[in-house]
Amino acid sequence: MSTTESRLTATDPSNPARSATDQAVTETLEDYTLRFAPRSYRRWTPMVVATTALGGIAYMADFSIGAGIGLAHGTGNALVAIAVAAVVIFVTGFPLAYYGARYNIDLDLITRGSGFGYHGSVLTSVIFASFTFIFFALEGSIMAQGLKLGFDLPLWLGYLVSTLMVIPLVIYGMKALSKLQVWTTPIWLLLMVAPLVYLVSADPGTVDRFLSYAGTDGDGGVNTASVLLGAGVCLSLIAQIGEQIDYLRFMPPKTEADKRAWWTAVVMAGPGWVVLGALKQAIGVFLAVYILAEVGPATAPEPIQQFKGAFDAMMPSWLVVPLAVILVVISQIKINVTNAYSGSLAWTNSFTRVTKHYPGRMIFVLVNLGFALALMEADMFSFLNDILGFYSNCAIAWVVTVATDIGINKYLLKLSPLQPEFRRGMLYAVNPVGVVAFVAASGLSIAMYFHALGDDLQPYSPVAAAVIAFVLTPLMAIATKGRYYLRRTDDGIEEPLLDAEGNPSATTYDCHVCHQPYERPDLTACATHDAVVCSLCLSTDRLGDHVLPTTV
């Protein structure tokens, strides 16, 4: 079902409800907002999907994050912190990436059936939406710094330019984003890697100075408190897996013929994103130490200054600033189209479930950009690590809860349904398994972060978030005996959800509300008609006429 074929052939302007439904259906078929991504739309190869997903992590924030940790705690503590965070992010991201790619749903839909319930996952949608505008603001700030250096543009105007320029690129969803990411990635890689290689080969002493840097708060040694404080900042990126899954949900079916390419793409573009992320953070420490004597600690974490200093060592002066600005602008565009896109999906998901009204994704593109612009104008870059350290507690609690539900509750305890469920009517509104684990883990860890439990425990807040979520999630499943996952086990359609190879079925049915064809996993039987209803029409059914009753 192509986008052109899926457009409605007729609407009735005299019927506002009908017209609103038609508008929602038409728009969500552009990128399958709120719903399962059908096989007929997923025509990209595994490597194209992976390249597109990895293109979204071209952000410069890693360089700032690594630099901030390294300058404060020293290179040794920074490198250990980066490695600890990377391991946690990889382990927790793997089951989420697999479910997104295998069953072609985004992280919000995965979260619904992995311990949170239909309305319970609104909590985590807001957490994820916050992640996207926080990092949009961070990247926009970095771009504004580049525009100020290159064109003497005032920061406030640079913030506005970096916000407005992504709007045309994010309107069209996956089709436009895949082209943008594939074509810009080689240029970005060349500009990022070349100066590092040159500096190390031309002056090996830079490596010794980098490794011996003690930091403003350290003595050159590695200590637990500094490592955990640094890891907490890095772990704010744990929610990045949600943006990776926004692309991975468009993976083709996994078959015997392509399983090697399929798994390579899922691992590389799913949890594997953190390998490149950790390398960028380490490079950020290296470049900050390299330029520290020249620019001072206040501006050393700025990527535009880092790469200006690196380019200055290897090329004519007239070329330095233009190349540094080009690198920053390309990076900002690559990541912020993803931030705007993923954020709009998260806000739309939350709003539609709560209000049973679909307002249009573009409205929430603008909402997300508005939040990001406000953060930029408030100079969030100056207190970056404080924002990320606080935010990481919520993000860790969410991702660890969902990953634990998949890995332990589904596969080990078998108390959570193995096949993910996201449709209204099939799920309870709230599942205490995930909601209790998430609220307890995030609440206690935030209290620790703000010194409520003493100064000595403050660095351990990210550890507390992960451990509490990991322990409480299976305990709650055992305590509730898994009874709050599904309110019914039969969706009223005889054909199985999965085909013989375990992929979502490609058989299509017509929704009797919006009269559009959808593939089997996106539908349930109707409660009041001998017909089927798509997931979006169920979400926007204010009276509940089509929602199947509870049977368990």
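## Largest cavity

The lining of the largest cavity divides into nine nonpolar, one polar and two charged residues (Ala, Val, Leu, Ile, Met, Phe, Trp, Tyr, Cys and Pro count as nonpolar, Asp, Glu, Lys and Arg as charged, and the others, Gly among them, as polar). The model is predicted, with local features needing pLDDT of at least 70 and side-chain atom pairs pLDDT 80 or more, while totals for chains, interfaces and linings use all residues. Residues are numbered from 1 along each chain as its sequence is written, and side-chain values use heavy atoms, without hydrogens and water.

The volume of this cavity is about 120 Å³, and its lining includes F36, Y103, I105, R423 and P521 (on a 1 Å grid over the protein atoms alone, a cavity is a set of points where a 1.4 Å probe fits but cannot get out, and lining residues have an atom within 4 Å of a point).

## Second largest cavity

The second largest cavity, with a volume of about 90 Å³, has a lining of five nonpolar, four polar and three charged residues. Helices α6 (107–116), α7 (122–151) and α17 each supply at least two lining residues, and α17 gives the most, with four (helices are DSSP runs of H or I, at least four residues, numbered from the N terminus).

## Helices α17 and α18

The axes of α17 (residues 317–355) and α18 (residues 361–377), which are lines fitted to C-alpha atoms over the stretch in contact, come within 8 Å and cross at roughly 115 degrees. That makes α17 roughly perpendicular to α18 (65 to 115 degrees).

Technical notes. Axes are lines fitted to C-alpha atoms, for helices over the stretch in contact, and angles run from 0 to 180 degrees between N-to-C directions. Angles under 35 degrees count as roughly parallel, over 145 as roughly antiparallel, 65 to 115 as roughly perpendicular and the rest as oblique. On a 1 Å grid over the protein atoms alone, a cavity is a set of points where a 1.4 Å probe fits but cannot get out, and a pocket is an open set with protein on both sides within 12 Å along at least five of seven lines; lining residues have an atom within 4 Å of a point. Grid points are joined across faces, edges and corners, and a volume is the space filled by probe spheres set on the points.
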